[in-house]
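Let us go through one structure, feature by feature.

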Amino acid sequence: MTAAESQVFSLPALYQQACRIHQQASNQSGADADNAVKAGAVVMQQCQAAVDQLALFSNNEDVDDIATADLKYMLIPAMHGDILTQTQVRDPEVRRHTLQSAVRHYSRFLGLCEQYGLLSKDVKAAARLDGQDPLDQNTKRQQKVQRFKREREIKAKMANVQMKRMRIAHIQEEDGVADDQDEESERATSLLQIELETMKAVEQKCMLQQEVDLLEHAASIPPDQRQQPARPPPPDVMQHLLGAASNLQRQRQNLQAQVFRPTVALPTVSVEQQVAVCNHMTVSWTTCRCQATWFTLIKSMIFIAPFIHK
């Protein structure tokens, strides 16, 4: 068995291992994520080397010439770039080199898709592969919204294709026959996945390039200027700032007092005290009423007493 033939059997296993490590790296953090990134980068390099050795993709081919089982291997550069973005190193120089490598892998993936005509017009413009001038912010925003809508459509189509494949597999299991529609569904799923990854790749590439530019700018600043402490302001400016801060503090306290000031008179007695006062007033009123009644009755008796004797 030749080296190329042995590589054919090892490529699917390497790809499965790369997918597993890629999934693990996206769900981890800290030192575990860095270890997964290192392990995943090694496996991705081995996968890419196997693909290059087998010459699965050529400039003289069309997308229809690629075998259905080989379409998924087009995603290897995108997966390689994606796993490198999971790095959590703090050293700016190491991070800059890592992100630059991720940008190169994304560019390789987009170039490969462009070679086979798998890039949409919007992705070409965003990746600047159409030879046109850079886009303005309004056009970028509109294209980003269109890519988001297309991404949702692709995910819905992939879910429908997956359900169709499951039904076909169930029918094949019952009838015991093969169906060519399963390969068509697999090919459609792979092409949709590639289109989805192109939109993700162009977004990641743009963001990573901006971070790389910032890191390069920070690295270009001389160390003496980078570590120079900030000088305090002049005394007169400092006094003016302190006075302004004192005025702001007083205004804040006044506003706070106005905000929390009650809009109605607050009670000065408790409920029990108010009940006792009401009871006392009721007893007093009743006593006065009774006394007034007896006084009126006595006056009436005194007034009619002479008439009774007559």
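Q: Before the details, how far should I trust the coordinates?
A: This is a predicted model. Where pLDDT is low, the predicted coordinates should not be read in detail. Here the chain averages a pLDDT of 78. Of the residues, 80% score at least 70.

Q: Where in the chain is confidence lowest, and where is it highest?
A: Helix H8, residues 223-226, has the lowest confidence, at a mean of 68. Helix H3 has the highest, at 91. Look also at the start of the chain. Over residues 1-9, pLDDT stays under 50. For that stretch the model has 10 contacts beyond four places in sequence.

Q: How many helices and strands does the chain have?
A: The chain has 10 helices and zero strands. Read from the N terminus, the order of elements is α-α-α-α-α-α-α-α-α-α. As a general idea, an α-helix has 3.6 residues a turn, so residues three or four places apart point the same way.

Q: What share of the contacts comes from residues 24 or more positions apart?
A: Take the contacts in the chain with a separation of 6 or more. Residues 24 or more positions apart account for 74% of them. One pair gives a distance to check in the viewer. Alanine 33 and valine 89 are 56 residues apart along the chain, and their C-alpha atoms are separated by 9.9 Å. Alanine 33 sits in helix H2. Its relative accessible area is 0%, so alanine 33 is buried.

Q: How do I read burial for the chain as a whole?
A: Start with the totals. The chain has 310 residues, and 26% of them count as buried. Its accessible surface comes to about 21,900 Å². Carbon and sulfur atoms hold 56% of that surface.

Q: How many residues of H3 are buried?
A: Eight of the nine are buried, so H3 is largely enclosed by the rest of the structure. The buried residues of H3 are Ile76, Pro77, Ala78, Met79, His80, Gly81, Ile83 and Leu84.

Q: What is glutamine 48 in contact with, leaving aside its neighbours within four places in sequence?
A: Glutamine 48 is in contact with Ile76, Pro77 and Arg108. Glutamine 48 is found in helix H2. The residue is buried, with a relative accessible area of 14%. Ile76 and Pro77 are among the buried residues of H3.

Q: How is an aromatic pair described?
A: A pair of aromatic rings is described by the distance of the centres and the angle of the planes. A search of the whole structure finds two such pairs. Tyrosine 15 and tyrosine 73 form an edge-to-face pair, 5.3 Å centre to centre, with 90° between the planes. This pair links distant parts of the chain, 58 residues apart. Tyrosine 15 is in helix H1, residues 3-26. Tyrosine 73 is in the loop between helix H2 (31-54) and helix H3 (76-84). Both tyrosine 15 and tyrosine 73 are buried.

Q: What geometry does the pair of phenylalanine 57 and tyrosine 116 have?
A: Phenylalanine 57 and tyrosine 116 are edge-to-face, at 6.3 Å centre to centre and 75° between the planes. Phenylalanine 57 lies in the loop between H2 and H3, and tyrosine 116 in the loop between helix H4 (92-115) and helix H5 (121-127), so the pair ties together parts that are 59 residues apart in sequence.

Q: Is phenylalanine 57 buried or exposed?
A: Phenylalanine 57 counts as buried, at 19% relative accessibility. The cut-off for buried is under 20%.

Q: Which residue lies over the face of tyrosine 73?
A: Lysine 72 does, at 4.8 Å from the ring centre.

Q: What does alanine 55 show in its backbone?
A: Alanine 55 has a positive phi of about 55°, although it is not a glycine. Its place is in the loop between H2 and H3. Alanine 55 is exposed, with a relative accessible area of 52%.

Q: How many disulfides does the structure hold?
A: The structure holds zero disulfides. For cysteine 47, the nearest cysteine sulfur is that of cysteine 19, 8.0 Å away. Cysteine 47 is buried, at a relative accessible area of 0%. Cysteine 113 is buried too, with a relative accessible area of 0%.

Note on methods. Residues numbered from 1 in each chain as written. Predicted model: local features only at pLDDT ≥ 70, side-chain atom pairs only at ≥ 80, totals over all residues. Heavy atoms only, no water. Phe/Tyr/Trp six-rings, centres within 6.5 Å; stacked < 30°, edge-to-face > 60°. Helix = DSSP H or I, 4+ residues; strand = E, 2+ residues; numbered from the N terminus. Buried < 20%, exposed > 50% of the residue type's maximum accessible area, 1.4 Å probe, protein only. Lys NZ or Arg CZ within 6 Å of the ring centre and 35° of its normal. pLDDT = per-residue confidence, 0-100. Contact = heavy atoms within 4.5 Å. Disulfide = S-S within 2.5 Å. Areas by Shrake-Rupley, 256 points an atom, 1.4 Å probe, with all protein chains shown as cover.
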